[in-house]
Every structure is written in C-alpha cells, then in structure tokens.
Amino acid sequence: MSDPLEILLTNDDGIDSTGIRALHDALSEHGNVTVVAPANDHSACGRALSHEVDVSDHELGYAVHGTPADCVVAGLAELGPFPDIVVAGCNKGANLGEYVLGRSGTISAAVEAAFFDVPAIATSMYVPASGSSLSEIDLDVDDYAEATRVTSYLVEHALGAGVFDHAAYLNVNVPLAEGDPAPFEVTHPSKRYEMDAERDGNRVHLKDRVWERMDPETLPDPKGTDRRAVVEGRISVSPLIAPHSTNHHEALTALAETYPDTIDRPSP
C-alpha cells in the first residue's frame with residue numbers, strides 16, 4: 001500500500017473560520033492534514049510576508065500570527081512534514097478574475113507553494129451577497145459541501161492524473177451548496193476590471209464595481225470564464241502557473257538594441 005497523502009491546509013479567513021474546518025474534516029478522509037493558518041482574518045492581503053511571526057498550538061494544528069504566505073513558508077520549511085499538496089481555503093467569498101490573483105490571500109498561499117514546487121489548490125465559495133456584506137452572512141459546515149466535495153476529488157485524483165505537470169496551482173471557485181452536485185468546468189480567469197474611486201473631502205473611496213453586475217442574464221463575462229461558470233451554478237477550475245510567464249517580442253528587443261545609441265557619452 002502507498003503512503004497516505006501529506007496535505008498542508010491553510011487559508012486567509014483565519015484558523016477559526018468555518019471554511020477551513022469543513023475542509024479539514026473532509027480532507028482528513030484522504031490523507032494526513034497539517035493545518036498552518038493565520039490566527040486572525042487576513043483577507044485580501046496578497047503575498048505579504050513577515051520577517052518573524054509568533055506561532056500558537058491550536059486544536060487543528062498551528063495558528064500563525066501572520067499572513068497566508070507566512071503560513072505556507074513556515075509550514076513547508078519548519079512546522080509540518082513536507083506535503084504532497086497544499087490546499088488553501090475554503091474562502092468565504094469568490095476569488096474570480098485576473099485582477100484578484102495578486103490580492104487574494106487564499107490564492108497567494110497557493111502561489112507561495114508553487115515557488116516551493118509543491119502543487120496547490122486554492123478553493124473559494126461564491127456567496128451571493130444581495131447587498132449585504134459577506135461578514136454579515138453566517139454559513140455552517142453543510143454550506144461548504146460543494147467546496148469540500150470537489151476539493152477532495154481534486155486532491156485525490158489530480159496528482160496522479162498529471163494535472164500539475166501543466167499547472168502550478170488550481171484556482172477553484174464553487175457555488176453555494178444547494179441540492180444536487182454542480183457540474184465541473186475548466187475555465188480561465190475573467191479579464192473584467194471595474195475598479196473605481198470617488199473623492200469625498202480628504203478621503204478617496206475605492207470601489208470594486210465588478211460585483212454590481214452578477215445577474216446571469218446580464219453578466220458581461222463570456223463563456224469559458226470563471227465568473228460566468230460560477231454565476232450560472234457551475235464549479236470553476238482554472239489551471240494557472242507561477243511565476244508569471246514572459247512574452248518576448250521583437251518590439252522590446254529593438255528598443256534594447258537602440259538604447260546604447262541614446263546615451264550621451266563624455267568626449268575623449
């Protein structure tokens with residue numbers, strides 16, 4: 001018999017969140033789970049990294065007084081057995097579109113793992129807010145059933161299927177669990193971006209207007225995008241790479257070649 005999978009589990013909502021508890025319980029049926037997660041909510045902190053963090057024992061594992069990136073580095077390099085896979089989540093709230101990839105603490109944990117050459121999955125759940133703040137919406141473990149089901153499936157099968165030969169990490173977004181299991185769609189991040197700002201005296205309010213048009217009938221995102229899949233009730237799985245690839249092209253090469261001609265050189 002093969003050795004059980006070693007799974008490092010983290011998040012950005014904090015170690016006491018319902019989402020990480022739901023994933024811990026589900027993934028424990030598929031391998032050894034080591035939880036290294038922020039002691040407090042660090043949503044939308046990106047890949048912020050600390051030089052030094054305090055660590056506390058927790059019933060699930062380790063509570064790190066730092067960011068999700070801190071947790072991955074500490075977990076991989078020191079606190080736990082070196083894992084076969086890192087899982088981040090489940091985040092309460094979707095992480096959709098290209099523009100969130102550098103902001104989300106959940107996704108940033110997966111990116112940090114990728115730099116260690118460890119496959120990773122970032123799982124988030126789309127929660128229709130209907131004008132309410134996500135912090136005002138209470139969810140229980142059962143609400144994460146769709147998220148735990150698909151994440152467990154990917155943890156169990158993606159490594160052996162060679163998925164991570166072509167992707168550094170998977171950005172998984174799921175609809176709220178309601179009735180029958182949702183279908184699974186391979187997607188790409190939406191390019192939609194609608195950040196805005198309004199000045200009020202000495203303050204500037206930054207607004208993310210991309211969430212204002214989430215009706216499936218009027219959603220502007222095309223088929224194949226993560227946003228359309230989730231809004232229409234499907235699981236979105238985007239296979240992504242880290243670090244970002246470069247795009248070498250002749251225009252920039254030409255500028256490099258002509259640059260020396262523009263420098264004023266001192267007379268001999």
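The side chain of serine 124 makes a polar contact with the side chain of asparagine 95, at 2.9 Å; a polar contact is a pair of N or O atoms within 3.5 Å, where within protein one must be able to donate a hydrogen and the other to accept it, and residues adjacent in sequence count only if both atoms are side-chain atoms. The model is predicted: local features need pLDDT of at least 70 and side-chain atom pairs count only at pLDDT 80 or more, while totals for chains, interfaces and linings use all residues. Residues are numbered from 1 along each chain as its sequence is written, and side-chain values use heavy atoms, with hydrogens and water left out.

Serine 124 sits in strand E6 (residues 120-126); strands (E, at least two residues) and helices (H or I, at least four) are DSSP runs numbered from the N terminus. Asparagine 91 belongs to strand E5. A polar atom of its side chain lies 2.8 Å from the backbone oxygen of glycine 93. The table gives burial for both residues, with buried meaning under 20% relative accessible area, exposed over 50%, and partly exposed in between (1.4 Å probe, protein chains only).

| Residue | Relative accessibility | Class |
|---|---|---|
| Serine 124 | 0% | buried |
| Asparagine 91 | 7% | buried |

Contact means heavy atoms within 4.5 Å. Neighbours within four places in sequence aside, serine 124 is in contact with residues including Cys90, Asn91, Asn95, Thr106 and Val172. With the same exclusion, the contacts of asparagine 91 are Asp12, Asp13, Thr106, Thr123, Ser124 and Met125.

E5 and E6 are part of an open sheet of nine strands with mixed pairing, in the order E3-E4-E2-E1-E5-E6-E7-E11-E8; two strands pair if DSSP finds at least two bridges between them. Strand E3 (55-58) and strand E8 (184-186) are at the edges with a single partner strand each, so one side of each has no neighbour in the sheet. On average, neighbouring strands are turned by 25° against each other, direction ignored. E8 runs parallel to strand E11 (residues 235-240), joined by three bridges, and valine 186 stands opposite valine 237 in E11.

Helix H1 (residues 18-27) lies across strand E1 (5-10), strand E2 (31-38) and E5 (85-92), at about 140° to E5; axes are lines fitted to C-alpha atoms, for helices over the stretch in contact, and angles run from 0 to 180 degrees between N-to-C directions. H1 is largely enclosed by the rest of the structure, because seven of its ten residues are buried. Among them are Ile20, Leu23, His24 and Leu27. Their cover includes E1, E2, E5 and helix H4 (145-161).
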